[in-house]
Amino acid sequence: MLTKQNKLDIYGLLCDNFPKNRPITTKETLSFLEENGLSYQEFGYQNGLALLKDLQEFLTIGNAQGKNPEGSQAYLHDYVLKESPIPSKGNKSRKTGKKQPEKARPAEESKTQAKQKTSSPLPKASTASLADAILPTLREADYLVGEEYPLATLAKTLADKNISCHKLGYSKMKTVFALLPDFFQIRDMEMKGVRQPWVKILPAFANKTKKEEAIKEKKEVTLFSKQKKVSPKKEETKKETPAPGQKADAIGQEADFFVPEKLLLSIKEMAPLGLDDKSIVDLLHEDYRKAVRDHATERRPEGHVFPLSFLNRYGESLIGAIRKSDTKTKYAFYLSFVGEDREKPKDYLRMMVHFNDYEESIASLAKLARKESWCYRNSRDKHIILKIYLQYTFYRLYSQRKILIDKESGFVSFNTGLVTPEYDSIYGVMIVNHSNAIKEDYIFQGFTIAGSQGIGKIIVERFSPLPEKATYVDNPADLFPERDMRIHTDFHHILLDNIDRLPLPFVSNICAPFPECKRIVDMIEKEKNDFRIDRLYNSLKDRIGKNDFLYSLLRASLENSIDKGIAMLHDDYRKFLPSFFPTRNVLSFMVPLTFGRDASKVETVLLIEKTPSGNYQGQTILTLKQCYVNARLIAPLDNTYLSADAIED
């Protein structure tokens, strides 16, 4: 019979290939399982229908005729804890008193009905038991209300206490947190070009149960009995003044962070404050303290974000972000960003511009521009790179106030940053929207070059000077690092969190002397299902984390690849490629990494950033696909190690 782990595997396979709460014929379901090596005979069932009925945690069978699956239907739903199965809606037989199988539901269901079925997959009692299972452990870890943390961080905290999503009855930890909306809010954020789930801690999280309070009180009494007594006066003073380093909220009540001179100049340019440097720094510190008091800080990939009390020259609100400094510097934190909230740069183009036919417009731009690969190998969308490029470029132009508007005619224009085969700049032309039937600000008119017939002549008549290109660097010297640069790399993050971004043959060679790890790598090489691959990589990460010798071997090999990559840059600076991340407004550099004897075969890149202290921090490792568009924003990638045609989609 099926074990719990077998059921979780089947659940993952079905979720990857079938929609939830829609009828699927049981014949089709059984055929799919057979194709994936899951036959009812293997698990000791008399027939296929018996196997499906044993999957009641996430599969409901309707209109079943005896043992024959022909004509019956299955409904895939969220995985429900076994102790609270989905109640059957079948009617009781008058003779036996037993419930008969539920009749097949209509294929067409209203949105209201679908919402009722999916919005609350667990009864209140089961939701409460789920909360009791994970909340005490997370509260002990001192997660702060109002803060956001990577889902992986919270999952590791639970895993350290032997609490996993599988033991709770789910295939993904994201599902567990989604079932507790009173305590957590989940959203996907783009970090280093990769979307990852982050969890925000809501105020209800701080409300401990009576049982937890009793345990805490018992611990405090025990601790108090072992310490010397403190006079009431001293005790009161301690409560009013938190000890240094005590966690209050976000980074803490202390606001002694460093403000780089470059950001001070930016603030003076973007906001008419009329203050000297010290007054601006004091204002930033006070804004941060107020944000902490008001629980208005937010943890994002770019750091701890907080609102600023002053506006830019256009009357728009600004935010600041604080990040950890280099350990050798005087300050523990530094101001890493001041500007508009840039959380969703991809949305601006489609949010502000109405296209009558978006696909046709993109195709016309590709035809007009100098020939370039606008998709990866085997991409379904042949313009996927161009679309992302245009979205990021439009947002950058918007941020730099380079989208020009002629108020008299209502025409709007921007420079795409692309050129024709004759190297004429290509412009996008729009018109201000005055129609209530269209929600966007502008209506797209077309792409053109200056002076060409039609809208090309209009932009020459209406705009002088013509729209400028987006820029990503103020000083060209910033595009090249110092020759004697030393990179301080976050090996723990790369080898344990992102081992799946390293070439599999490289990992396989290092793991060869370790049978268990080698067996997992071999399974990854053969596996085709993404769900199973993800689980296998998680298993591999756990083993690497527990094996100091294997971790050391991987680190030494990666360090060797980094040294070779730096040597390549010193030998030929044409291999040096900068990369811009719109979501963080950060210019980074890429070190090409090779792992075999063929030094020309770059397989991944190390992303590095220059810190305020002048050191270079190796932030993370990226696949070639993850970094391609961010590098393409700055310049074409012809004759570089980044070739779209060689990157598998």
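Two strands pair if DSSP finds at least two bridges between them; strands (E, at least two residues) and helices (H or I, at least four) are DSSP runs, numbered from the N terminus. This is a predicted model, in which local features need pLDDT of at least 70 and side-chain atom pairs count only at pLDDT 80 or more, while totals for chains, interfaces and linings use all residues. Residues are numbered from 1 along each chain as its sequence is written, and side-chain values use heavy atoms, with hydrogens and water left out.

**View 1. Strand β3 and its two antiparallel partners.** Strand β1 (residues 23–25) runs antiparallel to β3, and 3 bridges join them; within this pairing, P23 has Y75 as its bridge partner. Buried denotes under 20% relative accessible area, exposed over 50%, and partly exposed the range in between (1.4 Å probe, protein chains only).

**View 2. The largest nonpolar core.** A nonpolar core is a set of buried Ala, Val, Leu, Ile, Met, Phe, Trp, Tyr and Cys residues joined through side-chain atoms within 4.5 Å. The largest one has 53 residues, and V353, F394, M430, M590, Y628 and L642 have the most contacts inside it. Helix α15 (residues 384–399) gives the most to this core, contributing 9 residues. Leaving aside residues up to four places away in sequence, L642 touches L577, M590, L624, C627, Y628, A631 and L637, where contact means heavy atoms within 4.5 Å. A second, separate core of 49 residues includes F18, Y45, L144 and V199.

**View 3. Aromatic pairs.** Rings of Phe, Tyr and Trp (its six-membered ring) pair if their centres lie within 6.5 Å; planes under 30 degrees apart count as stacked, over 60 as edge-to-face and the rest as tilted. The whole structure holds 17 aromatic pairs. One of them is the tilted pair of W374 and Y389, at 6.3 Å centre to centre and 45° between the planes. This pair links W374, in the loop between α14 (358–368) and α15, to Y389 in helix α15, 15 residues apart; both residues are buried. F444 and F447 form another tilted pair, with 4.8 Å between centres and 55° between planes, and both are likewise buried. Elsewhere, ring pairs link F177, F183, F184 and F205 into a cluster.

**View 4. Arginine side chains over tyrosine rings.** A charge sits over a ring if NZ of Lys or CZ of Arg is within 6 Å of the ring centre and within 35 degrees of the ring normal. R350 lies over the face of Y358, 3.9 Å from the ring centre. The charged end of R401 is placed over the ring of Y398, at 5.8 Å from its centre.

**View 5. The surroundings of S413.** S413 belongs to strand β13 (residues 411–419) and is buried, with a relative accessible area of 0%. Its side chain reaches the backbone oxygen of G428 at 3.2 Å. Not counting residues up to four places away in sequence, S413 touches K402, I403, L404, Y427, G428, V429, I459, F463 and P467.

Note on methods. Polar contact = N/O pair within 3.5 Å; in protein donor to acceptor, adjacent residues only side chain to side chain.
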